[in-house]
Amino acid sequence: MRFDNRFVTELPGEPIARPGRRQVMGALWSAVDPTPVSAPRLIAGSAEVAALLEIDLATLASPEMVATLAGNCLLPGMRPWAANYGGHQFGNWAGQLGDGRAISLGEVARRDGSRLELQLKGAGPTPYSRTADGRAVLRSSIREFLCSEAMHHLGVPTTRALSLVGTGDAVVRDMFYDGNPRAEPGAIVCRVAPSFVRFGNFELPAARGDGALLAQLVDFTIARDFAHCDWNVAVEPDDAAALEVRRAAWFAEVCERTARLVAAWMRVGFVHGVMNTDNMSILGLTIDYGPYGWIDDFDLDWTPNTTDSRERRYRFGQQGAIAQWNLRCLAGAIASLFASTDPLHEGLAHFEAEWNRAEQSNAALKLGLAIEDSTALELMNALHPTLQSGEVDMTIFFRELSGLDPAAPSAALFEAAFHDEQIAARTQPALDSWLADYATALRREARPGAERRASMNRANPRFVLRNYLAQQAIDRVEAGDDRAVAELLDVLRHPYDEQAGREAFAARRPDWARNRAGCSMLSCSS
Ligand code: AMP
Ligand code: MG
């Protein structure tokens, strides 16, 4: 692996590691070393991510590599740092946040010119750790590791996960902030992405009135992370008008990517849970897997995050609106770089247009109808109240839908998607009526059945990381059986295939998981 570490070689930072939490002014990063742990063990690795780095699983499992992934040693060329950023949390400006427990090890420059940053989450304190310990617990690390890779295999843009390492050290957490702290096993995930820059990296220098630092970060990001975009043409550094045009095109691109990202979440039933602006990737990747959850019973109002249970700001059905709110924060942050706000309003209009397009295409792909007309979206909107009142399992319902016979539509197909016979019986008339309308649309389009089914099955996964499946893996690892993670990951590698013999992983949530911590309720404590 060859490291070029452009973030720290090209941008201003605090180059000498120095202990202590502090406000860091005029700098976008601070040098910091990971804090060693007692007994690192590799719990799981991703062969696909290792391959991106041109290493095999045997190398990943070698003592030297495991020590590196635990933060106990560095490879030649690594130059660890924590990034300085701020953010809006739950709607309010929170000031400096920064990487409080994530430490980037370096940027791998790949042979094809692309780059991948390696970042340890839970590697010990940094200048940005505020009152916390810089560590992560095993349960949340398992969830981050699995979900990063599951999302990738689902085709949803995401940061990746190379490894999950147990530290051998205990971490104390009060899971529900109710005065019951307990010691839990600690772990570290090595995350991998072209960049971990968030909206909040731009918001912090803007909030501090440091326009020069802000401009530097914007132009660096455009040059490093958006190099291959067709709008990204060479500009003379003193050509203010051309610079502004390029920055405007960049913002529009960020808006479009964010729209596509959140629309992808809606397609597969993913609820991020903490869409604070410090958790919004500038590349449009899913980032920071915390109290996220997967929709079991279809419910636009559901949030997995107990910390958000009253306001439900980050509920499933509001994710698009929140993404837009976050983009307005980003627009506000970079506004000082523009002569007028018009380009920013134009950028935000790109969100709207892309969102509408993606919503229509989600509906069409999930229902197996033509993308061009609005029938699919109308049918989808008409279906939602029935799915919601019927407490219908979202994943099972859409997966089974491809098996519908347009000549003889029957609700019997969806038996496995209901958890309660009475509710199923009560829902049947509305479902029958919707199925009749849907079958009419299918007959009108007369698309060959096999082709339609194959296409629908590429949009509607059979396997997602159901909340209870993640919890079962956590329980097994905490009981000493590390294989649970690799086994579940193997199922999630092929979410759109039927995978004979693995039907149990596609089963709806069992009753025991309905109100169990970790299965339906999660907190930010991780
Ligand atoms: P999150 O809600 O996980 O995105 O975290 C918000 C902020 O809190 C970020 O600046 C994190 O780095 C910081 N943070 C969260 N957990 C810890 C921890 N255990 N130690 C230090 N900082 C943390
Ligand atoms: Mg975060």
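Student: What volume does the largest pocket have?
Tutor: The model is predicted: local features need pLDDT of at least 70, side-chain atom pairs pLDDT 80 or more, while totals for chains, interfaces and linings use all residues. Residues are numbered from 1 along each chain as its sequence is written, and side-chain values use heavy atoms, without hydrogens and water. A pocket is an open set of points on a 1 Å grid over the protein atoms alone, where a 1.4 Å probe fits, with protein on both sides within 12 Å along at least five of seven lines; its volume is the space filled by probe spheres on the points, joined across faces, edges and corners. For the largest pocket that comes to about 910 Å³.

Student: Which residues lie nearest the centre of the largest pocket?
Tutor: Lining residues have an atom within 4 Å of a point. The lining counts 34 residues. Nearest the centre are Gln89, Arg101, Arg130, Cys524 and Ser526.

Student: How much space lies in the second largest pocket?
Tutor: Its lining has 20 residues, with Ser114, Arg115, Pro194, Asp225 and Leu283 closest to the centre. The space is about 440 Å³.

Student: Why is helix 11 roughly antiparallel to helix 13?
Tutor: Helices are DSSP runs (H or I, at least four residues), numbered from the N terminus. Axes are lines fitted to C-alpha atoms over the stretch in contact, and angles run from 0 to 180 degrees between N-to-C directions. Angles over 145 degrees count as roughly antiparallel. Helix 11 (375-389) and helix 13 (421-445) have axes 9 Å apart, and the pair is roughly antiparallel because the angle is about 170 degrees.

Methods:
Chains are lettered from A and ligands numbered from 1 in the order in which they are written. Helices (H or I, at least four residues) and strands (E, at least two) are DSSP runs, numbered from the N terminus. Angles under 35 degrees count as roughly parallel, over 145 as roughly antiparallel, 65 to 115 as roughly perpendicular and the rest as oblique.
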